Amino acid sequence: GGVNLMERDVRQTNGGIESFGCTPQANAAKAREKVDGLVAKTQMQVEGFQDMVQAMRAETAGFGRDLAASADAIRRSSEGPQGDVLEEVSRITATMLERVHRAESQLESATREATELRSALEEARDNARRDALTELPNRRAFEEAFSAQQASGARLCIAVCDVDHFKSVNDRFGHSVGDRVLRTIAQALSEVCTGHLVARHGGEEFAVPFSGLGSAKARDIMENARSLVASKRYRLRESDMRSGEITFSAGLTR
């Protein structure tokens, strides 16, 4: 395991990417953008509906209070010479008040449903950008963050980490042990790289964009992470057998 520092910039043009046969990825990216746009539009509609319902609830509640006050006033006046008429008005007002209360209940239910839908949409968007095994941001989240940092003109270094001989870990000890190893490495990287996004790029690969740091400082951080991971030992729960040292290697570039 080691950290390899490459001083030159690494850039790929669209033409270069297409020459590697990555057009399907571009199509997939466009499809994701379309889905993201639809989800964002739905969120905006839900938020607008939620605001509208809350405003309606407030107006309905105010109308209900006014109506209740009017009903009390009518009841107090119903003993006069026009008592029969006022009694009929009082009955109609009471019916209207009952309907207002029913509408308030329905609006409250609609508000609750809109809030739950909004939360579900936010959770779905978050899950689409999170790796289920390690709970780190996934490759999609990494690419979005990288694009945003590039667009901002921020100083940027990229580290890509690969667990050494990970296939042998799975072959010798099984995928459940391999999964535990990946989770532990994810935790170690997150701990050492505090303040920077750590993403599972795929398989046993992790990526870290260091924004605002020079390559020397970024390399020091990755060396610390590499040392922390190499110091850990893994024990098989079933047989108490030790797996030995697990290491990763990393490439780092401006």
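**Notes on the predicted model**

1. C193 is buried, with a relative accessible area of 1%, where buried means under 20% relative accessible area, exposed over 50%, and partly exposed in between (1.4 Å probe, protein chains only). This is a predicted model, in which local features need pLDDT of at least 70 and side-chain atom pairs count only at pLDDT 80 or more, whereas totals for chains, interfaces and linings use all residues. Residues are numbered from 1 along each chain as its sequence is written, and side-chain values use heavy atoms, with hydrogens and water left out.

2. C193 sits in the loop between α6 and β3 (199–202); helices (H or I, at least four residues) and strands (E, at least two) are DSSP runs, numbered from the N terminus. If neighbours within four places in sequence are left aside, C193 is in contact (heavy atoms within 4.5 Å) with V198, V208, F210, I221 and M222. Of these, I221 is 28 residues from C193 in sequence, while the two C-alpha atoms are 6.7 Å apart in space.

3. How many disulfides does a search of the whole structure find? The search returns zero, a disulfide being a pair of cysteine sulfur atoms within 2.5 Å. For C193, the closest cysteine sulfur belongs to C161 and is 7.3 Å away, which is too far for a bond. C161 likewise counts as buried, at 1% relative accessibility.

4. The count of salt bridges comes to six, the rule being a side-chain nitrogen of Lys or Arg within 4 Å of a carboxyl oxygen of Asp or Glu. As background, side chains of opposite charge can pair when their charged atoms come close. One of the bridges joins the side chains of E144 and R129, at 2.9 Å from N to O. This pair links distant parts of the chain, since E144 lies in helix α4 (residues 139–152) and R129 in the loop between α3 (83–127) and α4, 15 residues apart. R129 is buried, with a relative accessible area of 15%, whereas E144 is partly exposed, at 35%. A network of salt bridges links R129, R140 and E144.

5. Two further bridges lie within helices. R139 and E143 meet at 3.2 Å, N to O, and, being four residues apart in helix α4, they are separated by about one helical turn. R139 is partly exposed, at 36% relative accessible area, and E143 counts as partly exposed at 31%. In helix α5 (residues 166–173), K167 and D171 are also four residues apart, about one turn of the helix; their salt bridge has its closest N and O atoms 2.8 Å apart, and both residues are exposed.

6. The largest nonpolar core has 30 residues, a core being a set of buried Ala, Val, Leu, Ile, Met, Phe, Trp, Tyr and Cys residues joined through side-chain atoms within 4.5 Å. Those with the most contacts inside this core are I185, L189, F206, F210, M222 and F248. The elements giving two or more residues to it are β2 (156–163), α5, α6 (175–192), β4 (205–211), α7 (215–230) and β7 (248–253). Helix α6 gives the most, with seven residues. Another core, of five residues, lies apart from it, and F142, L156, I158 and A207 are among its members.
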